[in-house]
Amino acid sequence: MRILQISSHYNQGGAARIVAHLHRQWRRRGLAAHVAYGRGKSPQNHGEEGLFCFDKPWEVYGDALFSRLSGYSGLGNKAGTRRLLAYMEELQPDVAHLHAIHGYVLHLPMLLEYLRRRGIRWLWTFHDCYAFTGNCGYFFDCSRWLEGCGSCPDIGRYPASWFFDRSRRLLTQKKALLEDWPGGMIVSPSAWLDGEVGRSFLAGHARHILPNGVDGSIFHPMDKGRAKRHLGLAEGEKWALAIAVGFGDERKGGRLLLEAARALKGRVRLVLIGCPPALAKAWSKEAHILALPPVADPGVLACWYNATDVFVLPSLAENYATVSLEALSCGTPVAMYALGGTPEQLAAAGPGSGLAVEPGSVGALAEAVEALAYGRCAVAEPWELHARMMERHSLEAMAEGYWQAYNRICES
């Protein structure tokens with residue numbers, strides 16, 4: 001079976017790390033596995049076989065500008081898409097596994113029409129809501145996507161438009177492309193997202209819930225004191241950790257996290273990983289915040305999870321965050337807002353895995369962080385948390401689930 005995964009990125013960010021995990025699993029099994037992605041490091045810099053980057057940086061920037069000026073997202077990058085289709089013509093995959101394919105990397109109708117025309121079996125993992133909304137990755141409290149979109153209240157959010165609201169036209173186009181598309185399956189990592197798909201125009205497709213996996217050989221408990229000393233954190237202090245690709249994004253809850261850190265007044269200090277330089281400089285002026293750039297090395301990330309006492313997920317919209325899975329696998333409890341699919345992660349990890357509080361409440365988030373850091377509520381033993389996570393969220397379990405899904409769509 002020739003498998004081609006298509007993604008905006010490779011091994012950069014939560015969804016793209018899932019792509020990398022699956023690719024490595026397929027390669028270990030000796031399968032003809034390939035990944036085509038649009039943005040990030042070149043295949044040579046990744047040092048892995050079977051990778052193809054189909055975009056040039058200026059094409060991505062051009063598409064981003066086109067989207068902002070015209071209001072049409074997913075319709076600007078034809079040159080990169082032609083390279084992708086030429087690559088697929090040569091590869092002739094049996095299964096095309098789509099992931100997050102927005103992000104100015106391709107012309108969506110060109111890809112979907114090609115897959116339909118060639119009769120290629122497809123599986124699409126929904127890491128967000130982009131496929132069934134007019135334009136947005138997450139709809140927050142907006143329900144206009146159920147009514148056909150239009151009069152969008154969030155055209156300034158990613159993927160942003162500066163002038164025009166094209167959400168109704170874009171949703172109509174997606175319905176025409178996707179509503180009656182045989183030969184495939186939609187996979188959602190959370191029951192929450194699967195339920196939202198069931199409310200959308202995609203409800204008639206075959207659907208499956210398959211939680212994301214985490215590498216337990218890297219993300220596992222370590223000696224907390226040793227990890228703190230290794231990273232230069234004071235052992236006598238309590239530390240919380242938050243990780244995001246961009247805390248400048250409103251969805252990531254950076255403003256609420258900053259307010260929660262101030263409310264804690266140093267009783268629990270905060271480490272932020274993933275800050276762009278300007279934001280890191282501003283936040284580092286706060287007395288109780290250590291702001292750091294992104295960390296690519298998973299071993300270093302695992303050390304940070306272990307060195308801190310609680311992980312914080314302040315997102316205002318989320319599906320099934322990989323970072324919280326990694327934290328739990330390291331035995332670190334999680335404080336989060338009770339929204340999207342993330343509370344399902346605490347349910348899967350069992351008692352003592354963390355607290356989910358009222359969305360948007362700074363006070364509730366700060367109280368949850370402090371309670372978990374100081375053991376004022378039930379907190380499971382690290383290796384117990386790790387064992388529970390590996391029962392359902394191991395890479396092997398995730399890969400086996402996808403392998404069965406591939407076979408189902410090929411045999412149907």
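**The loop between S5 and H6**

Author: The part in question is the loop between strand S5 (121–125) and H6, and Pro159 is found in that loop. The model is predicted, and the values below are computed from it.

Pro159 is joined to Tyr158 by a cis peptide bond, with omega near -10 degrees. Phe140 is found in the loop between S5 and H6 as well. Although Phe140 is not a glycine, its phi is positive, at about 50 degrees. The side of Phe140 that concerns solvent is intermediate: Phe140 counts as partly exposed because its relative accessibility is 24%, and the partly exposed class lies between under 20% for buried and over 50% for exposed.

Leaving aside residues up to four places away in sequence, Ser167 touches Gly134, Cys149, Gly150 and Cys152. With Gly150 there is also a polar approach: a polar atom of the Ser167 side chain lies 3.0 Å from the backbone nitrogen of Gly150.

Lys265, a residue other than glycine, has phi near 55 degrees. Lys265 lies in the loop between helix H9 (254–264) and strand S9 (269–273). Its relative accessibility is 63%, so Lys265 counts as exposed.

Another helix residue, Ala20, is found in H1 (residues 14–28). Ala20 is buried because its relative accessible area is 0%. Beyond residues up to four places away in sequence, Ala20 touches Tyr10 and Asn11. From Ala20 to Ala387 the separation is 367 residues in sequence and 23 Å in space, C-alpha to C-alpha.

As for the chain as a whole, its secondary structure comes to 16 helices and 13 strands. The radius of gyration is 21 Å, which agrees with the value near 22 Å that a compact globule of 412 residues would have. The C-alpha trace spans about 60 × 50 × 40 Å along its principal axes. Buried residues make up 57% of the 412 residues. Of the contacts with a separation of 6 or more, 68% are between residues 24 or more positions apart. The accessible surface comes to about 16800 Å², and 52% of it belongs to carbon and sulfur atoms. Finally, the mean positions of the 44 positive and 40 negative charges are 4 Å apart.

Technical notes. Residues are numbered from 1 along each chain as its sequence is written. This is a predicted model: local features need pLDDT of at least 70, side-chain atom pairs count only at pLDDT 80 or more; totals for chains, interfaces and linings use all residues. Side-chain values use heavy atoms; hydrogens and water are left out. Helices (H or I, at least four residues) and strands (E, at least two) are DSSP runs, numbered from the N terminus. The radius of gyration is taken over C-alpha atoms; the globule rule is 2.2 Å times the number of residues to the power 0.38. Buried means under 20% relative accessible area, exposed over 50%, partly exposed in between (1.4 Å probe, protein chains only). Contact means heavy atoms within 4.5 Å. Accessible areas come from the Shrake-Rupley method with a 1.4 Å probe; for residues, only the protein chains shown count as cover. Lys and Arg count as positive and Asp and Glu as negative; His and the chain ends are not counted. The place of a charge is taken as NZ of Lys, CZ of Arg, CG of Asp or CD of Glu. A polar contact is a pair of N or O atoms within 3.5 Å; within protein, one must be able to donate a hydrogen and the other to accept it, and residues adjacent in sequence count only if both atoms are side-chain atoms.
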